[in-house]
Amino acid sequence: MRNEQQAQATPAPDPVDARIGARLAELRAEHGWSLGELAQRSAVSRSTLSRVERGEVSPTAALLNRLCHVYGRTMSRLLSEVESGPAPLVRAAEQTVWQDRAGGFVRRSVSPPHASLRGELVEGRLAAGADIAYDRPPVPGLEQHIWVLDGTLEVTAGDVVHRVGTGDCLRLRVWGPTRFRCPGAEDARYVLAVVLP
């Protein structure tokens with residue numbers, strides 16, 4: 001009876017998380033790395049990597065960023081690889097939405113990466129007080145344009161802090177650590193344009 005109750009209490013894995021996990025497992029196999037080797041390269045524990053690859057846990061944005069760095073991909077590219085082939089018209093209902101529930105971050109892939117294009121568009125939403133730090137860019141020299149639609153976003157690139165308000169646009173190339181923080185009492189919503197170097 002107790003095992004039956006525990007099984008009922010465990011939520012079903014998110015289908016997007018399961019596909020991300022499967023793709024991450026494929027990438028590791030393509031590189032011929034063990035979980036231990038990937039753990040050393042990414043500074044993520046073997047047990048966490050194993051659970052993410054099996055779709056048992058939802059990866060955080062910071063964790064995905066570390067893995068994308070190891071595999072030389074942007075997060076959008078990784079997410080596009082778990083979908084079927086790209087289409088020239090991406091309907092709102094077909095745009096992949098991914099959530100970092102623990103971090104208070106929702107990411108919509110408005111214009112996902114395409115093999116013939118270098119740019120992509122992402123809509124980001126950070127909950128009030130949310131703070132997400134990336135220890136490295138997924139691709140060094142990545143060009144980013146961050147246009148805030150609602151609220152205030154604090155973006156730190158290296159040692160420079162930029163406070164970006166509604167309607168403002170921050171343009172930068174990412175070479176080192178970055179941090180996205182919603183310092184206000186309201187959520188921040190922004191468009192992120194990403195261009196590969």
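These legends accompany close-up views of a predicted model. Residues are numbered from 1 along each chain as its sequence is written, and side-chain values use heavy atoms, with hydrogens and water left out. Local features need pLDDT of at least 70 and side-chain atom pairs count only at pLDDT 80 or more, while totals for chains, interfaces and linings use all residues.

**View 1**
Helices (H or I, at least four residues) and strands (E, at least two) are DSSP runs, numbered from the N terminus. Of the 197 residues, 41% count as buried. Buried means under 20% relative accessible area, exposed over 50%, and partly exposed in between (1.4 Å probe, protein chains only). The protein exposes about 10600 Å², of which carbon and sulfur atoms supply 51%. Areas come from the Shrake-Rupley method with a 1.4 Å probe; for residues, only the protein chains shown count as cover. Contact means heavy atoms within 4.5 Å. Among contacts between residues at least 6 apart in sequence, 66% join residues at least 24 apart.

**View 2. The largest nonpolar core, with 45 residues.**
Such a core is a set of buried Ala, Val, Leu, Ile, Met, Phe, Trp, Tyr and Cys residues joined through side-chain atoms within 4.5 Å. I20, L24, W98, I146 and L153 have the most contacts inside this core. Helix α5 (residues 61-71) gives the largest share, 7 residues. Beyond its neighbours within four places in sequence, L24 touches V52, E53, L64, L67, Y71 and L78. In soluble globular proteins, nonpolar side chains tend to be buried together.

**View 3. The open sheet of 4 strands, β4-β9-β6-β7.**
Pairing here is antiparallel. Two strands pair if DSSP finds at least two bridges between them. β4 (131-134) and β7 (160-164) each have a single partner strand, so one side of each lacks a neighbour in the sheet. The twist averages 15° from one strand to the next. Axes are lines fitted to C-alpha atoms (for helices, over the stretch in contact), and angles run from 0 to 180 degrees between N-to-C directions.

**View 4. Strand β6 and its two pairings.**
Of the 5 residues of β6, 4 are buried, so the strand is largely enclosed by the rest of the structure. β6 (residues 153-157) pairs with β9 (residues 178-181) in the antiparallel sense over 4 bridges. Across that pairing, E154 stands opposite R181, and T156 has R179 as its bridge partner. β6 and β7 also pair in the antiparallel sense, over 5 bridges. There, A157 is bridged to V160.

**View 5. The open sheet of 6 strands, β1-β2-β3-β10-β5-β8.**
Its pairing is antiparallel. β1 (97-100) and β8 (169-174) are the edge strands, each pairing on one side only. From one strand to the next, the twist averages 25°. β1 meets β2 (residues 105-111) over 4 antiparallel bridges. Within this pair, W98 stands opposite R107. W98 is also among the residues with the most contacts inside the largest nonpolar core.

**View 6. Cysteines C68 and C169.**
C68 is buried, at 2% relative accessible area. C169 counts as partly exposed, at 46% relative accessibility. The structure holds 0 disulfides, a disulfide being a pair of cysteine sulfur atoms within 2.5 Å.
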